[in-house]
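Please keep the sequence and the 3D view open while reading.

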Amino acid sequence: MANGSPVEHGFPHLGTVREAVTALYRRLSRDTVQTFSVSVAPVDVAFCDTDDLHLGAQRVARQMVRHFRLPDARLIVGFREMTHAANVELTAGPEYFVELNDRFRTHRGDIGAALAHEVAHVYLHRLGLAFARTADNEILTDTVAAYLGAGWLLLDAYREDGVSSQKLGYLTPEEFGYVLAKRALLFGEDPSVWFTSPQAYAAYVEGMALAREDGRQPPLTGAGWAGRRRYAHDRRHAHDRRHATGARPAAVYAFTPDPSGGPLRVSFPCPTCHQRIRVPVGGRVRARCGLCRSVLECDP
């Protein structure tokens with residue numbers, strides 16, 4: 001939890017975020033992801049200063065449990081002094097003890113954001129989905145919370161001005177914006193109408209710009225002129241060399257020869273789930289991602 005300290009910006013964890021989206025699709029399947037098409041509604045996690053602190057926290061916790069389809073899980077929420085925003089004890093269940101930072105006693109509107117992250121931890125624990133490194137696992141948790149419709153609260157908790165700052169979660173604001181934008185492009189849902197923080201809206205706009213770029217990379221037909229020109233140059237080079245080429249480290253695609261002597265092939269990440277897709281080079285083709293089943297128009 002950044003409370004008054006400098007907030008990291010940009011996309012330093014982008015590779016891990018994309019790996020997290022792929023891992024989520026592999027563990028859940030596209031059909032299960034589709035069941036999370038509706039985000040947590042602001043009214044369901046609203047918290048007034050006149051609400052009883054503990055009863056209100058339990059109410060919001062129950063809403064998060066319902067959102068993540070954990071009907072037999074029970075969260076016991078308490079408050080104490082701590083460095084982090086919150087902590088959950090991951091046990092076999094069905095009861096899970098969540099501790100929230102004492103700061104939330106007076107910042108009750110952000111309790112939903114803190115619980116979104118902690119209940120996502122419980123959800124992933126139940127799924128058996130985790131990354132090896134603790135830091136990467138926290139990125140996974142934030143990504144899943146945002147992609148499955150609860151993490152917009154984490155971005156909305158971000159506020160920053162000339163004299164103070166607040167941010168919850170391990171993603172940067174722009175990375176939260178990116179994941180929320182990927183979700184918005186998938187479900188046609190605009191979370192920005194729920195933001196109360198102008199800084200959150202700005203981060204979402206920046207994340208949306210990058211998310212749209214994922215669908216404008218060669219060999220997709222939506223690629224821009226400059227990208228298509230670079231791709232054509234790399235393709236000619238690959239044809240001449242007849243082996244895998246990585247001439248430009250920034251390129252998301254890679255060419256590989258067909259072991260059976262067939263046409264050169266190009267692999268590239270799916271703009272929805274980031275699993276790599278491999279298609280033959282030469283002529284327009286419609287490819288379907290085997291993981292998320294997105295249909296992609298390509299000109300390889």
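Helix H1 (residues 14–28) packs against helix H5 (residues 134–147) at an angle of about 65°, and their axes lie 9 Å apart. Helices are DSSP runs of H or I with at least four residues, strands are runs of E with at least two, and both are numbered from the N terminus. The model is predicted: local features need pLDDT of at least 70, side-chain atom pairs count only at pLDDT 80 or more, and totals for chains, interfaces and linings use all residues. Residues are numbered from 1 along each chain as its sequence is written, and side-chain values use heavy atoms, with hydrogens and water left out.

**Packing of H1 and H5**

- Axes are lines fitted to C-alpha atoms, for helices over the stretch in contact, and angles run from 0 to 180 degrees between N-to-C directions.
- Contact (heavy atoms within 4.5 Å) brings Thr 16, Val 17, Ala 20, Val 21, Leu 24 and Tyr 25 of H1 against Asp 136, Ile 139, Leu 140, Thr 143, Val 144 and Tyr 147 of H5.

**The nonpolar core**

- A nonpolar core is a set of buried Ala, Val, Leu, Ile, Met, Phe, Trp, Tyr and Cys residues joined through side-chain atoms within 4.5 Å.
- Buried means under 20% relative accessible area, exposed over 50%, and partly exposed in between (1.4 Å probe, protein chains only).
- The largest such core has 94 residues, and Phe 68, Tyr 123 and Leu 148 are among those with the most contacts inside it.
- Helix H4 (residues 111–127) contributes the most to this core, with eleven residues.
- Beyond its neighbours within four places in sequence, Tyr 123 is in contact with Leu 28, Phe 36, Phe 68, Leu 70, Val 144 and Leu 148.

**Helix H7**

- Of the 15 residues of H7, 13 are buried, so this helix is largely enclosed by the rest of the structure.
- Just after H7, Gly 188 takes a positive phi of about 70°.

**Phe 268 and Pro 219**

- Phe 268 belongs to strand S8 (residues 265–269) and is buried, with a relative accessible area of 1%.
- Leaving aside neighbours within four places in sequence, the contacts of Phe 268 include Pro 219, Val 252, Ile 277 and Cys 298.
- Pro 219 sits in the loop between helix H8 (198–214) and helix H9 (225–241), and a cis peptide bond with omega of about 10° joins Pro 218 to Pro 219.

- Arg 69, not a glycine, has a positive phi of about 55° and is partly exposed at 42% relative accessible area.
- His 274, also not a glycine, has a positive phi of about 70° and counts as buried at 13% relative accessibility.
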